[in-house]
Amino acid sequence: NVCLRFLVNTLISLLILWVAFRSWGIIKFSALIYLGFFLVLFPLFIYLMLHVQPEDYLAAFYVRRFLAHPLLILILLPAFYYYRLSSGVKN
């Protein structure tokens, strides 16, 4: 379920970025960022869930929360907007 939710959130986030900037370069770069986060966080989440101890439960909860909620769009959208403003690039 976490993997499916991450995929849906990623697709919606990429769609939002496409509507905002209409740039394939931004979409490709964002997709690589999402892929990188997934490749790092999902195995960490699986490891934490298989070896969960009472003191590690909070770590597993926060890793799952980052995977299940669209937090990266809150970072990427203003970052790309600032990049566009500072570089003077038009659509």
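Biologist: How does Phe 37 count by relative accessibility: buried, exposed or partly exposed?

Modeller: This is a predicted model, where local features need pLDDT of at least 70, side-chain atom pairs count only at pLDDT 80 or more, and totals for chains, interfaces and linings use all residues. Residues are numbered from 1 along each chain as its sequence is written, and side-chain values use heavy atoms, without hydrogens and water. Phe 37 has a relative accessibility of 34%. With buried under 20%, exposed over 50% and the rest in between (1.4 Å probe, protein chains only), Phe 37 therefore counts as partly exposed.

Biologist: And Leu 32, how does that one count?

Modeller: Leu 32 sits in helix H2, residues 24-50. Between the C-alpha atoms of Leu 32 and Gly 88 there are 24 Å, with 56 residues along the chain separating the two. The relative accessibility of Leu 32 is 58%, so this residue counts as exposed.

Biologist: Stepping back, how many helices does the chain have?

Modeller: Helices are DSSP runs (H or I, at least four residues), and strands (E, at least two) are found the same way. From the N terminus the elements run α-α-α-α. The chain has 0 strands, and its number of helices is 4.

Biologist: What share of the 91 residues counts as buried?

Modeller: Picture the C-alpha atoms filling a box of roughly 50 × 25 × 15 Å along the principal axes. Of the chain's 91 residues, the share that counts as buried is 29%.

Biologist: Let's talk about rings. Into which class does the pair of Phe 6 and Phe 38 fall?

Modeller: Rings of Phe, Tyr and Trp (its six-membered ring) pair if their centres lie within 6.5 Å; planes under 30 degrees apart count as stacked, over 60 as edge-to-face, the rest as tilted. That rule gives 9 aromatic pairs here. For Phe 6 and Phe 38 the centres are 5.2 Å apart and the planes at 25 degrees, so the pair is stacked.

Biologist: How many residues apart in sequence are the parts that this pair ties together?

Modeller: Phe 6 belongs to helix H1 and Phe 38 to helix H2, so the pair ties together parts whose separation in sequence is 32 residues. Both Phe 6 and Phe 38 are buried. To repeat the separation, it is 32 residues.

Biologist: What about Phe 37 and Phe 66: how far apart are the centres of their rings?

Modeller: The planes of Phe 37 and Phe 66 stand at 35 degrees, so this pair is tilted, with ring centres apart by 5.5 Å. The pair links helix H2, where Phe 37 lies, with helix H3, where Phe 66 lies, 29 residues away. Phe 66 has 23% relative accessibility and so counts as partly exposed. The distance between the ring centres is 5.5 Å.

Biologist: Last topic, then: which elements give two or more residues to the lining of the largest cavity?

Modeller: A cavity is a set of points on a 1 Å grid where a 1.4 Å probe fits but cannot get out, and lining residues have an atom within 4 Å of a point. The count is 1 cavity of 30 Å³ or more, and the largest cavity holds about 60 Å³. Its lining includes Phe 6, Asn 9, Tyr 34 and Phe 66. The elements giving two or more lining residues are helix H1 (2-21) and helix H3 (57-68).

Methods. 1 Å grid on protein atoms, 1.4 Å probe; cavity = no way out; pocket = protein on both sides within 12 Å on 5 of 7 lines; lining within 4 Å. Points joined across faces, edges and corners; volume = space filled by probe spheres on them.
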